[in-house]
Amino acid sequence: MLGLYVHVPFCLRKCPYCSFYSVRYDEGTAESYTRALIRNIKEYRGRGLKADTLYFGGGTPSLLTPAQIGDIIEECRLAFTLDDAEITLEANPCTVDAEKLRSFRAAGVNRLSFGIQSADDGRLGFLGRLHDYDTAVRAVNDAAAAGFENISGDIMLGAAGEDCDTLRATVGELCSLPLKHISAYMLKIEEGTPFDNDKVKSLTADDDLMSELYLTAVEELEKRGFMQYEISNFAREGYESRHNNKYWECEKYLGFGAAAHSFSEGRRYCCPPDVKLFIESDVQPCEVTEAEVNGAEEYILLGLRLTKGISLERVAGYFCEKSAENIRRLAETYSKHGLVILDGDRLSLTAKGFLVSNSIIAEFIDAAYS
Ligand code: SF4
């Protein structure tokens, strides 16, 4: 079934490490943007399409009012049915209170994803976040009290002199909250962001420390029942993100809003990152980013991000028997180094393998063609 993605590119202030497209929030623009979203979603009425996930990502979707979010959900229900759907809203802890969370729940949101990043206020300050840890704890607890039982939290690895002990403290803190899902991302200094300077770089983890931090995060989270299911994602049993799984399992999704991406009919396309253009266009503009997606390569590329990995039989189906055999032989070598697990027909990467996933996956794809 389809996944739906709604991009909400508004933030209160730009975080210095962030390279995502977003503009400063203002009430009037947010309202015009909401109406433009609804106008575009409405285009799909009457086509008999069904979706089972809806994801509000950003930016900071929790800056929209519960009424605006409710109107968008309502139009999605009319256009796509949305039976038994997972409806996620990304939220910044300092943009919600108990009342607003109750209203989001009443509007139909049933999963929240909070950008917590760290349990250490010094580190949150370094990252330029607007919340302190107490605010994040209050937001998560208020969400649970409002009836959200599926709550996720993000952690950022490697900021401001972080070591394995401080990371263990953050993981321990987050695991004591009523969260069912945790995403752990490695801080990456993106070119052209305010963080792209030597002083900041000297305060963030280098490659060796980042590897240690990542392996520590995997170990500490799994010890507490958050099992890794993707390079950066961990969940209690049954709480993997249904929406994000669609990306990694090459399922179709439609994106709405400025900078939203879509994958449908074998091609990838996106709406240009331009709020004004999106609001002023009758139908959202579309730029094709990949006209003909190579499904065989994508199966390896995206499937190996997941701990359940890929089936060599399916690889043989996509390519040929010889390709699957080449991959198996290469995997046997990597498994001796603890980078992959080869279990009958299944091939997956270990946590250590995820650290070098780009090069390993590229080699598996080369092996499929040789
Ligand atoms: S709140 Fe999120 S999207 Fe907005 S600037 Fe910060 S990191 Fe980027």
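This is a predicted model: local features need pLDDT of at least 70, side-chain atom pairs count only at pLDDT 80 or more; totals for chains, interfaces and linings use all residues.

Q: Okay, let's pick a residue. Where is Ala351?

A: Ala351 sits in helix α14, which covers residues 351-355.

Q: And what does Ala351 touch, leaving aside its neighbours within four places in sequence?

A: Ala351 is in contact with Leu215, Val218 and Gln228 once those neighbours are set aside. Two residues are in contact if their C-beta atoms, placed from the backbone, lie within 7 Å.

Q: Does Ala351 count as buried or partly exposed?

A: Ala351 counts as partly exposed, because it has 18 C-beta neighbours inside 10 Å. For the cut-offs, a residue is buried if 20 or more other C-beta atoms lie within 10 Å of its own, exposed if 12 or fewer, and partly exposed in between, with C-beta atoms placed from the backbone.

Q: How far apart are Ala351 and Val340 in space?

A: Their C-alpha atoms are 8.7 Å apart, and in sequence the two residues are 11 residues apart.

Q: Switching to Ser311: which strand is it in?

A: Ser311 belongs to strand β15, residues 310-311. It has 16 C-beta neighbours inside 10 Å, so Ser311 counts as partly exposed.

Q: What does Ser311 touch, not counting residues up to four places away in sequence?

A: Ser311 touches Asp345 and Arg346. As for Asp343, it is 32 residues from Ser311 along the chain, and their C-alpha atoms are separated by 9.8 Å.

Q: Now the ligand. Which residues are around it?

A: Around the ligand are Cys11, Lys14, Cys15, Cys18, Phe20, Ser22, Gly58, Gly59, Thr60, Asn92 and Gly115. A residue is near a molecule or strand if its C-beta atom, placed from the backbone, lies within 6 Å of it.

Q: How does that shell divide by class?

A: The shell has four nonpolar, six polar and one charged residues. Here Ala, Val, Leu, Ile, Met, Phe, Trp, Tyr, Cys and Pro count as nonpolar, Asp, Glu, Lys and Arg as charged, and the others, Gly among them, as polar.

Q: What about the backbone from Gly58 to Gly59?

A: That peptide bond is cis, with omega near 15 degrees. Gly59 lies in the loop between β4 (51-58) and α2 (66-80).

Q: Which phi does Leu82 have?

A: Leu82 has a positive phi of about 60 degrees, although it is not a glycine. Leu82 is in the loop between α2 and β5 (86-91), and it counts as buried because it has 22 C-beta neighbours inside 10 Å.

Q: And Ala259, what is its phi?

A: Phi of Ala259 is near 75 degrees, a positive value in a residue other than glycine. Ala259 is found in the loop between β11 (253-256) and β12 (261-264).

Q: Last topic, helix packing. At what angle do α2 and α3 pack?

A: α2 and helix α3 (residues 98-107) pack at an angle of about 10 degrees, with their axes 9 Å apart. Therefore α2 is roughly parallel to α3. Axes are lines fitted to C-alpha atoms, for helices over the stretch in contact, and angles run from 0 to 180 degrees between N-to-C directions. Angles under 35 degrees count as roughly parallel, over 145 as roughly antiparallel, 65 to 115 as roughly perpendicular and the rest as oblique.

Q: How about α11 and α15, at what angle do they pack?

A: Helix α11 (residues 295-303) and helix α15 (residues 357-369) pack at about 150 degrees, with their axes 9 Å apart. The two are therefore roughly antiparallel to each other. Their contact is made by Glu297, Ile300 and Leu301 of α11 and Ile361, Phe364, Ile365 and Ala368 of α15. By class, that contact has six nonpolar, no polar and one charged residues.

Note on methods: Residues are numbered from 1 along each chain as its sequence is written. Helices (H or I, at least four residues) and strands (E, at least two) are DSSP runs, numbered from the N terminus.
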